[in-house]
Amino acid sequence: MNYISATDAKNRFGELLEQSRKGPVHVQKNGRDVAVVISPEEFERYQQAMQQGGVNPLIKRLHDESHARWGKVYEALAK
């Protein structure tokens, strides 16, 4: 996953757009996500999945990444 500060996103907007073509870019302000920039193709996949009632592939991927990173914490909290 790519991360960029809100200030850098503003100052390097063209680069932000190019990065979003490779994958979602999280825009952060004061260390927390305030936006995620995605490509038009990713957005189209999202819209199609939502119209078909399926799970958004972006959400699934982000969930899988979160589980890979924090799975042990989730399991410990579930006990």
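# Notebook: a predicted model

My classes are buried for under 20% relative accessible area, exposed for over 50%, and partly exposed in between, with a 1.4 Å probe and protein chains only. The model is predicted, so I note that local features need pLDDT of at least 70 and side-chain atom pairs count only at pLDDT 80 or more, while totals for chains, interfaces and linings use all residues. Residues are numbered from 1 along each chain as its sequence is written, and side-chain values use heavy atoms, with hydrogens and water left out.

**Salt bridges**

I took a salt bridge to be a side-chain nitrogen of Lys or Arg within 4 Å of a carboxyl oxygen of Asp or Glu. How many salt bridges does a search of the whole structure find? The search gives five.

I went back to Arg-61 and found its side chain in a salt bridge with Glu-65, at 3.7 Å from N to O. Both residues are in helix α4, and they are separated by about one helical turn because they are four residues apart. Glu-65 is partly exposed, at 30% relative accessibility.

Between Asp-8 and Arg-12, the closest N and O atoms are 3.6 Å apart. Asp-8 is partly exposed at a relative accessible area of 30%, and Arg-12 is partly exposed at 33%.

I then looked up Arg-21, which forms a salt bridge with Glu-41, with 3.1 Å between the closest N and O atoms. This pair links distant parts of the chain, 20 residues apart: Arg-21 is in helix α2 and Glu-41 is in helix α3, residues 40-51. I have Arg-21 down as partly exposed, at 48% relative accessible area, and Glu-41 as partly exposed, at 38%.

**The sheet**

I traced the strands and found an open sheet of three, in the order β1-β2-β3, with mixed pairing. Which are the edge strands? They are β1 (2-5) and β3 (32-37), each of which pairs on one side only. From one strand to the next, the twist averages 35 degrees. Two strands count as paired if DSSP finds at least two bridges between them. As background, strands of a sheet pair through backbone hydrogen bonds, either parallel or antiparallel.

I looked up each pairing in turn. β1 and β2 run parallel and are joined by four bridges; Tyr-3 has His-26 in β2 as its bridge partner. Strand β2 (residues 25-29) runs antiparallel to β3, with five bridges joining them. Gln-28 has Asp-33 in β3 as bridge partner, and Lys-29 has Arg-32 in β3.

**The helix on the sheet**

Helix α2 (residues 13-22) packs on the sheet and touches β1, β2 and β3, and its direction makes about 135 degrees with that of β2. Axes here are lines fitted to C-alpha atoms, for helices over the stretch in contact, and angles run from 0 to 180 degrees between N-to-C directions. Contact means heavy atoms within 4.5 Å.

I picked Ser-20, which is in helix α2. Is Ser-20 buried or exposed? Ser-20 counts as buried, at 5% relative accessibility. I left aside its neighbours within four places in sequence and found Ser-20 in contact with Val-25, Val-37, Ile-38 and Ser-39.

**The turn**

I looked between β2 and β3, which form a hairpin with two residues between them. Asn-30 lies in this loop. Its phi is positive, about 55 degrees, although Asn-30 is not a glycine. For reference, most residues other than glycine have a negative phi. Asn-30 is exposed, with a relative accessible area of 78%.

**A surface patch**

Last, I looked up a nonpolar patch on the surface, formed by Trp-70, Val-73, Tyr-74 and Leu-77, with about 420 Å² of accessible area together. Patches are made of residues with over 30% relative accessible area and no salt bridge; like charges are joined within 9 Å, nonpolar side chains (Val, Leu, Ile, Met, Phe, Trp, Tyr) within 5 Å. The areas come from the Shrake-Rupley method with a 1.4 Å probe, and for residues only the protein chains shown count as cover. Val-73 is in helix α4, residues 57-78, and is partly exposed at 38% relative accessible area.
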